[in-house]
Each structure stands twice: as C-alpha cells, then as structure tokens.
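This report describes a structure through its ligand shell, its domains and the packing of its helices. The sequence and the coordinates are shown first.

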Amino acid sequence: MNDPHLDVVTGAFGFTGRHIAERLLGAGHRVRTLTNHPRQDHPLAGHVEVASLNFAHLPALIASLEGATTLYNTYWIRFPHGGMSYERAIGQSRQLFQAAREAGVERIVHVSVSNPSPSSPLPYFRGKAQVEKALADLGVSYAILRPTVLFGAGAILLNNLAWLLRRSPVFLMPGDGAYRLQPIAVEDVADLAVRAGEGRENIILEAGGPETFSFEELLRIIASLVGTAVAFVHVPPGLALLASRALGPLVRDVVLTPEEMEGLRAGLLVSSGRPAGERLLTDWLAQHRTELGRTWFSELARHYQARKKLSAGG
Ligand SMILES: NC(=O)c1ccc[n+]([C@@H]2O[C@H](COP(=O)([O-])OP(=O)(O)OC[C@H]3O[C@@H](n4cnc5c(N)ncnc54)[C@H](OP(=O)(O)O)[C@@H]3O)[C@@H](O)[C@H]2O)c1
C-alpha cells in the first residue's frame with residue numbers, strides 16, 4: 001500500500017536532489033533518499049530517511065522504494081571514471097526504474113538533459129536518450145525534465161570557470177566562443193520536478209532558463225562581476241582541452257572532458273522549448289559574486305574519493 005505522502009528522491013545530499021527534497025518536505029511529505037554518500041553534517045540529515053542506492057542487490061533496491069508514491073530520479077554520471085561507465089549507468093538506471101515498478105511506485109519524475117538523442121555521437125547525450133526510452137517503455141506514469149546547465153549554490157561548471165578567471169591572467173577560449181548556453185536555476189528545476197510529480201500524464205519538459213548567452217559573453221560577465229581583468233585568447237579547442245588536462249592534477253579533478261567541450265560547442269546546452277525557468281542567472285551571479293569561484297568544486301571528490309572512503313570504512 002502506497003503512502004501518498006512518502007516520496008523517494010535520489011541524491012538528496014547532492015545538488016538537484018537536495019532542492020527537490022526540500023520542497024517535498026516543505027509540502028509536508030516524508031522523503032526517503034537513496035544515496036551512496038549519506039551525510040550527517042547536511043541540513044537535511046535527520047529530516048529525510050536514508051537508504052543506499054544499492055544496485056548490487058535488487059530485492060534491497062525494491063524494498064527501498066516500497067510504500068513510495070513518487071520517485072524523483074537524478075541518478076547519472078558526469079563522465080566515466082574508476083570503473084563507472086555510461087553503459088553501467090544506463091543499466092543501473094533501468095534497474096532503478098524496474099525496481100520502482102516492482103515496488104508499486106505510481107509516478108517517476110526523471111531528470112534528463114537538453115537535447116538527448118539516440119544517434120548523438122556524444123555518449124552522455126546518447127545514454128540519456130536510452131534512459132529516457134527505458135522509462136517511457138516501463139509502463140509507469142512519468143515526467144521527464146530536460147535541463148540545460150544548472151546554476152545555483154554548489155553548481156560545478158560556473159563556479160570552476162569563475163575559479164579559473166580569478167586566478168589566471170589569460171583564459172584560453174576554445175574556438176570562437178560564440179556557441180550558446182541557456183542556464184537554468186536548480187531551484188527552477190526542483191519546482192518543475194515537484195509540480196510534475198503531482199500529475200499523472202506522461203510528459204517531457206524542456207527546461208532552459210530565461211537568459212541565453214554566448215560562452216564568451218557569459219565568461220566576460222563573470223569576470224567583470226568577480227572583478228578580475230583577464231585576457232581572452234581564442235585558441236583551437238584541442239589546445240584548450242590540453243590546458244584543462246594539465247590543470248587536472250593541480251585541482252585533483254577532471255576539469256573538462258572532450259565530450260563536454262563538444263556538447264558545449266554544438267550548442268546542446270540550449271533548450272529547444274520555451275524557457276521553463278524564471279530565475280535570472282545574471283541576478284544570481286550578482287548576488288553570489290563574492291563567494292563564486294573562491295574554491296574549486298571537485299567532481300572526483302564528490303563522487304569518487306568520498307565513495308572510496310566510505311567503502312574503506314565498510
Ligand atoms: N548539474 C548540471 O548542470 C546538469 C545539467 C543538465 C542535466 N543534469 C542532470 O541532472 C541530474 C542531477 O545532476 P546533479 O548535478 O544534481 O547531480 P548530483 O547531485 O551530483 O548526483 C545525482 C545522483 O547521481 C549519483 N551520482 C553522480 N555521479 C555519480 C557517480 N560517478 N557514481 C555513482 N553515482 C553518482 C549521486 O549519488 P550520491 O547520492 O551517492 O552522491 C546522486 O544520487 C543528472 O541526471 C544530470 O545528468 C545536470
């Protein structure tokens with residue numbers, strides 16, 4: 001028997017999942033999060049139930065979803081690393097959906113990405129299309145959200161660009177810098193997700209923000225807001241990638257993958273629909289100019305090193 005007030009959110013101690021969970025809690029729901037990074041120091045600790053996102057044991061995965069009415073799924077990987085691959089993430093996403101169906105979950109709200117395509121040469125976007133298809137074929141009512149690139153406290157891309165702009169007198173602009181992106185606030189995505197959770201119609205929502213920038217225009221805005229005088233030098237994308245690779249060991253992270261560079265340059269971070277987000281990135285940047293880019297936000301520290309520590313501790 002489902003509890004109409006119990007929802008499951010993947011990654012509530014992460015970025016998007018946190019905002020979705022906060023809204024559900026605010027609406028009086030109980031929230032159970034599935035995560036492999038439980039955190040006792042997180043503001044939501046003690047407010048959400050915690051279970052592990054356990055792909056190795058299907059009955060446990062099903063049990064972790066039992067009683068829930070809606071699953072909000074944010075699970076995905078940014079790039080393959082340390083044994084994680086897109087193929088594995090696709091298979092695990094399928095497993096999660098099937099477990100939700102077995103558990104009697106009534107609705108799945110799934111966070112995808114703008115411009116997924118089964119024929120994309122980029123495995124991130126191709127994999128996202130495969131996961132969307134698995135959900136559409138599942139037989140459970142669903143909503144798919146397709147955000148572009150997210151901004152908000154904890155967002156990696158904009159923060160790390162600001163970090164670079166603060167520290168380097170020169171920024172190597174890949175190509176002409178004219179390719180566009182249409183960032184959306186994580187809060188807007190969470191609002192859309194929770195609203196989508198209330199319906200029962202199968203829907204796909206294109207989720208871009210209200211402002212579109214060229215990459216160079218956005219970087220110039222950030223540079224001027226954080227108060228740094230940086231020279232933008234246009235270079236072949238391959239050279240910019242080499243430089244980002246050289247930076248990797250210094251920040252102990254994967255700075256940018258070739259696929260991310262290609263996706264950006266192909267304009268895949270622009271939505272095909274009408275803007276679904278309301279919050280302005282320019283407002284957010286102005287409000288957060290003093291803290292933006294002060295420290296590096298590491299993808300590896302968030303999703304790989306912490307996991308190693310956890311498993312080392314059992
Ligand atoms: N961030 C963006 O700019 C952006 C843009 C477009 C679309 N999206 C999509 O939005 C969704 C949420 O993104 P987010 O940035 O908010 O993600 P996130 O909070 O960092 O992670 C979301 C979930 O995926 C799991 N996860 C992430 N990387 C993993 C890895 N390498 N190995 C195992 N598990 C991993 C996390 O597990 P733990 O709970 O164990 O940490 C968490 O459950 C994703 O589907 C992403 O593709 C994001």
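## Ligand shell

The shell around the ligand is made up of 11 nonpolar, 10 polar and no charged residues. In this classification Ala, Val, Leu, Ile, Met, Phe, Trp, Tyr, Cys and Pro are nonpolar, Asp, Glu, Lys and Arg are charged, and the others, Gly among them, are polar. The ligand is surrounded by 21 residues, the closest being Gly 11, Gly 14, Phe 15, Thr 16 and Thr 35. A residue is near a molecule or strand if its C-beta atom, placed from the backbone, lies within 6 Å of it.

## Basis of the model

The model is predicted: local features need pLDDT of at least 70, side-chain atom pairs count only at pLDDT 80 or more, and totals for chains, interfaces and linings use all residues. Residue numbers start from 1 along each chain as its sequence is written.

## Domains

The chain is assigned domain 1 (6-151 + 183-207) and domain 2 (156-180 + 211-300), with bounds that come from an automatic or database domain assignment. Taken over C-alpha atoms, the centres of domain 1 and domain 2 are separated by 26 Å. Their contact takes 22 residues from domain 1 and 20 residues from domain 2, where contact requires that the C-beta atoms of two residues, placed from the backbone, lie within 7 Å.

On the side of domain 1 that touches domain 2, at least two residues each are supplied by α4, β10 (184-185), α6 (186-198) and β11 (203-207). Helices (H or I, at least four residues) and strands (E, at least two) are DSSP runs, numbered from the N terminus. The residues of this side of domain 1 comprise 13 nonpolar, four polar and five charged.

Helix α3 (residues 86-103) and helix α4 (residues 123-136) have axes that come within 10 Å and cross at roughly 20 degrees. That makes α3 roughly parallel to α4. Axes are lines fitted to C-alpha atoms, for helices over the stretch in contact, and angles run from 0 to 180 degrees between N-to-C directions. Angles under 35 degrees count as roughly parallel, over 145 as roughly antiparallel, 65 to 115 as roughly perpendicular and the rest as oblique. The crossing of α3 past α4 is right-handed, a term for the near helix being turned clockwise from the far one by less than a right angle.

Helix α2 (residues 58-65) packs on α3 at an angle of about 60 degrees, and their axes are 8 Å apart. α2 and α3 are therefore oblique to each other. Leu 58, Leu 61, Ile 62 and Leu 65 of α2 make the contact with Gln 95, Leu 96, Ala 99, Ala 100, Glu 102 and Ala 103 of α3. By class, this contact of α2 with α3 has eight nonpolar, one polar and one charged residues.

## Packing of α5 with α7

The axes of helix α5 (residues 156-167) and helix α7 (residues 215-226) lie 10 Å apart, at an angle of about 60 degrees. α5 and α7 are therefore oblique to each other, and their crossing is right-handed. In α5, Leu 161, Ala 162, Leu 165 and Arg 166 meet Leu 219, Ile 222, Ala 223 and Val 226 in α7. This contact of α5 with α7 contains seven nonpolar, no polar and one charged residues.
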